[in-house]
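Here is a quick tour of one protein chain, written for someone new to reading structures. Take a look at the picture and then work through the points below.

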Amino acid sequence: SKTLLSCLLIRTCHSFASWFVERPTCWTDLRDSEEVIMNNFIVPYEKSPYDENQVYIEVLDVETNQIIELIQESDRNLIRLERGKGSKSFSFQLKFVADTDELKNYQFVLDAKTSPEVEVVDDYYNVDEEDENTDPQIMASFVAFRRSGCEGQRGFGVRKEGVDEGKGLELEITIPSSMDMSSEKEYGVDVVAAWATGRVVTLTKPIFFEIYATDDNESVQDQIQISTHQDEEL
């Protein structure tokens with residue numbers, strides 16, 4: 001059933017971001033345009049009043065603080081991560097960017113969804129029941145004290161009078177060494193931001209952190225390219 005949320009349920013119309021990382025709302029699918037939040041349908045990024053160069057998620061390397069260049073696709077942007085040998089962890093700093101003078105006050109929720117999907121039930125990660133593969137799965141979590149929830153699958157932030165709260169949210173992706181990638185399924189983590197200035201929640205273009213296997217002599221550093229700005233022409 002679809003979720004019908006009103007301002008009375010959310011306490012105030014301006015607290016939706018922090019409310020959506022609390023357990024009662026973890027089941028709400030922020031990617032579903034048929035979901036009703038604050039008496040309005042979620043607006044997909046294709047129908048956003050701002051294009052993907054105005055409102056978007058910026059990804060930075062945690063160690064160098066440099067912006068990571070995204071591979072542009074029509075329905076999403078990509079960052080490719082090599083699995084390699086052994087267990088691997090990747091950390092990224094994710095920032096919600098509103099590059100327009102029209103947006104000075106807003107709230108946002110970042111939502112990370114693994115593929116194959118891992119569901120959180122009663123504090124445990126469970127693989128989709130339809131998936132017969134019981135091997136360890138990709139894990140994704142926002143590492144943000146008091147600004148994350150839903151077992152780390154969501155994080156939030158606010159901007160008041162042009163001043164950001166915090167410097168973004170750190171996303172940690174872990175690839176188990178024993179994970180089976182022999183099937184033709186897509187492996188990775190999909191991240192989208194849901195943002196609002198009032199009663200209407202709008203989505204950004206999603207970013208997919210695609211995990212793939214390569215030859216031993218290839219390096220992940222060859223796949224993660226650094227750019228001085230996300231919008232720089234390839």
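What share of the contacts in the chain with a separation of 6 or more comes from residues 24 or more positions apart? It is 74%, where contact means heavy atoms within 4.5 Å. Keep in mind that this is a predicted model, in which local features need pLDDT of at least 70 and side-chain atom pairs count only at pLDDT 80 or more, while totals for chains, interfaces and linings use all residues. Residues are numbered from 1 along each chain as its sequence is written, and side-chain values use heavy atoms, with hydrogens and water left out.

**The overall picture**

- The chain has two helices and 17 strands; these are DSSP runs numbered from the N terminus, with helices being H or I of at least four residues and strands being E of at least two.
- The chain is 234 residues long, and 48% of them count as buried. Buried means under 20% relative accessible area, exposed means over 50%, and partly exposed is in between (1.4 Å probe, protein chains only).

**The nonpolar cores**

- In soluble globular proteins, nonpolar side chains tend to be buried together.
- A nonpolar core here is a set of buried Ala, Val, Leu, Ile, Met, Phe, Trp, Tyr and Cys residues joined through side-chain atoms within 4.5 Å.
- The largest one has 36 residues, and those with the most contacts inside it are Val-59, Phe-92, Leu-94, Leu-171, Ile-173, Val-191 and Phe-209.
- Several strands each supply at least two residues of this core, among them β3 (55–61), β7 (106–115), β14 (169–175) and β17 (207–212). The largest share, five residues, comes from β6.
- A second, separate core has 15 residues, including Trp-19, Val-21, Met-38 and Ala-194.

**Arg-83, a charged residue tucked in**

- You'll find Arg-83 in the loop between β5 (77–82) and β6 (88–98).
- Arg-83 counts as buried because its relative accessible area is 14%.
- Its side chain reaches the backbone oxygen of Ser-177 at 2.9 Å. A polar contact is a pair of N or O atoms within 3.5 Å; within protein, one must be able to donate a hydrogen and the other to accept it, and residues adjacent in sequence count only if both atoms are side-chain atoms.
- Not counting residues up to four places away in sequence, Arg-83 touches Lys-88, Ile-211 and Tyr-212, among others, and also Ile-175, Pro-176, Ser-177, Ser-178, Met-179 and Met-181.

**A pocket to look for**

- The second largest pocket has a volume of about 260 Å³.
- A pocket is an open set of points on a 1 Å grid over the protein atoms alone, where a 1.4 Å probe fits, with protein on both sides within 12 Å along at least five of seven lines; lining residues have an atom within 4 Å of a point. Grid points are joined across faces, edges and corners, and a volume is the space filled by probe spheres set on the points.
- This pocket is lined by 14 residues, and Arg-31, Tyr-45, Asp-75, Leu-203 and Pro-206 lie nearest its centre.
- Its lining has six nonpolar, two polar and six charged residues. For this sorting, Ala, Val, Leu, Ile, Met, Phe, Trp, Tyr, Cys and Pro are nonpolar, Asp, Glu, Lys and Arg are charged, and the others, Gly among them, are polar.

- Most residues other than glycine have a negative phi, and most peptide bonds are trans.
- A cis peptide bond joins Ser-115 and Pro-116, with omega about 0°; Pro-116 sits in the loop between β7 and β8 (118–121).
- Cys-150 has a positive phi, near 55°, and lies in the loop between β11 (148–149) and β12 (154–160).
- Glu-151 is in the loop between β11 and β12, with a positive phi near 60°.
- Is each one buried or partly exposed? Cys-150 is buried because its relative accessibility is 8%, while Glu-151 is partly exposed because its value is 29%.

**Loop residues and their partners in space**

- Ile-68 is in the loop between β3 and β4 (71–72), and it counts as buried because its relative accessibility is 1%.
- Asp-180, in the loop between β14 and β15, is 44 residues from Pro-136 in sequence and 7.9 Å from it in space, C-alpha to C-alpha.
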